[in-house]
Amino acid sequence: MKFLFMLTVGLISMTVNAKTIVVLGDSISAGYGIDINASWVSLLEKKLNENGAHHVVHNESISGDTTAGGLARLNHALAFKPNIFILELGANDGLRGFQPSLIHNNLTQIIQRAQQTGAQVILLSMKIPPNYGDRYIHLFYDIYPQLANELKTAYVPFIMEDVALTKDMMQADGLHPNEKGQPAIMTKVLTEVLPLLK
């Protein structure tokens, strides 16, 4: 009887502590070109729950999406009432040469609206190819640490740092990670997620 009581209490505690996580991103998070079950988002959910936890990860990522697209879809993403909100957008803005101030403004609105719901935000940063010129590249990349500092969010520097230059971790287009690159991305994100689960 005592064992059953302890087991029940443990299950209730596990349920209470379960977190809802939403990922709002583009093709890097949508699993472009690979089995969605092999994507870093799916791997994250599996990793978080491998010891019997019940965290739920909603992947609200769309290939080709921009910060403006993410802002337009934000109400739907926040309808899941996330405890943790992972934001991975901006790369497509950069590839299209959008003004850094526009990217900064859109990301700011997304983060602030997520925070207003009580969600803890993790900002994932991206980089763009060197052919865009040093000035634009630096202006683009600096958006992420600046926002993380201004809005007090958790922050992951370039999530493909250990992947982008490793040929066997990238798809033929040179822009998207293949299945071999997904665990490395997941591990970077997991490092920031775990403290927020406590």
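User: Hi! What volume does the largest pocket have?

Analyst: Hello! This is a predicted model, and in it the largest pocket has a volume of about 430 Å³.

User: Which residues lie nearest its centre?

Analyst: Those are K127, I128, P129, F158 and L175, out of 21 residues that line the largest pocket.

User: And what classes of residue make up the lining?

Analyst: The lining has 13 nonpolar residues, five polar ones and three charged ones.

User: Which helix gives the most to that lining?

Analyst: That would be α6, with three residues. Helices α2 (27–30) and α6 (91–95) each supply at least two residues of the lining.

User: You mentioned L175. Where is it, and what does it touch?

Analyst: L175 is in the loop between β5 and α9. Leaving out residues up to four places away in sequence, L175 touches I28, M160 and M170.

User: Changing topic, what is the mean pLDDT of the protein?

Analyst: The mean pLDDT is 92, and 92% of the residues reach 70 or more.

User: Where does pLDDT stay under 50?

Analyst: Over residues 1–16. For that stretch the model has three contacts beyond four places in sequence. Where pLDDT is low, the predicted coordinates should not be read in detail.

User: Good to know. What about K19, where does that sit?

Analyst: K19 is in the loop between α1 (2–17) and β1. With 21% relative accessibility, K19 counts as partly exposed. Apart from neighbours within four places in sequence, K19 is in contact with H55, V56, N83, L196 and L197. K19 and L196 are 177 residues apart along the chain, while their C-alpha atoms are separated by 9.5 Å.

User: Now the inside. How many residues does the largest nonpolar core have?

Analyst: It has 56 residues, and the ones with the most contacts inside it are W40, F85, I86 and V193. Helix α8 (residues 134–151) gives the most to this core, with eight residues.

User: What does W40 touch?

Analyst: Not counting residues up to four places away in sequence, W40 touches V23, I28, S29, I86, L124, Q182, I185, M186 and V189. W40 is also one of the buried residues of helix α3 (residues 40–48), together with V41, S42, L43, L44 and L48.

User: What covers the buried residues of α3?

Analyst: The cover includes β1 (20–25), α2, β2 (56–59), β3, β4 (120–124) and α9 (182–197).

User: What is the phi of K81?

Analyst: K81 has a positive phi of about 55°, although it is not a glycine. Most residues other than glycine have a negative phi. K81 lies in the loop between α5 (74–78) and β3 (84–88), and K81 is exposed, with a relative accessible area of 67%.

User: What about K152?

Analyst: K152 has a positive phi of about 55° and is not a glycine either. The loop between α8 and β5 (154–156) holds K152, which counts as exposed at 67% relative accessibility.

User: Last one: how far apart in space are E150 and N51?

Analyst: They are 35 Å apart, C-alpha to C-alpha, and 99 residues apart in sequence. E150 is found in helix α8 and is partly exposed, with a relative accessible area of 45%.

Notes: Residues are numbered from 1 along each chain as its sequence is written. This is a predicted model: local features need pLDDT of at least 70, side-chain atom pairs count only at pLDDT 80 or more; totals for chains, interfaces and linings use all residues. Side-chain values use heavy atoms; hydrogens and water are left out. On a 1 Å grid over the protein atoms alone, a cavity is a set of points where a 1.4 Å probe fits but cannot get out, and a pocket is an open set with protein on both sides within 12 Å along at least five of seven lines; lining residues have an atom within 4 Å of a point. Grid points are joined across faces, edges and corners, and a volume is the space filled by probe spheres set on the points. Helices (H or I, at least four residues) and strands (E, at least two) are DSSP runs, numbered from the N terminus. Ala, Val, Leu, Ile, Met, Phe, Trp, Tyr, Cys and Pro count as nonpolar, Asp, Glu, Lys and Arg as charged, and the others, Gly among them, as polar. pLDDT is the predictor's confidence in each residue, from 0 to 100. Contact means heavy atoms within 4.5 Å. A nonpolar core is a set of buried Ala, Val, Leu, Ile, Met, Phe, Trp, Tyr and Cys residues joined through side-chain atoms within 4.5 Å. Buried means under 20% relative accessible area, exposed over 50%, partly exposed in between (1.4 Å probe, protein chains only).
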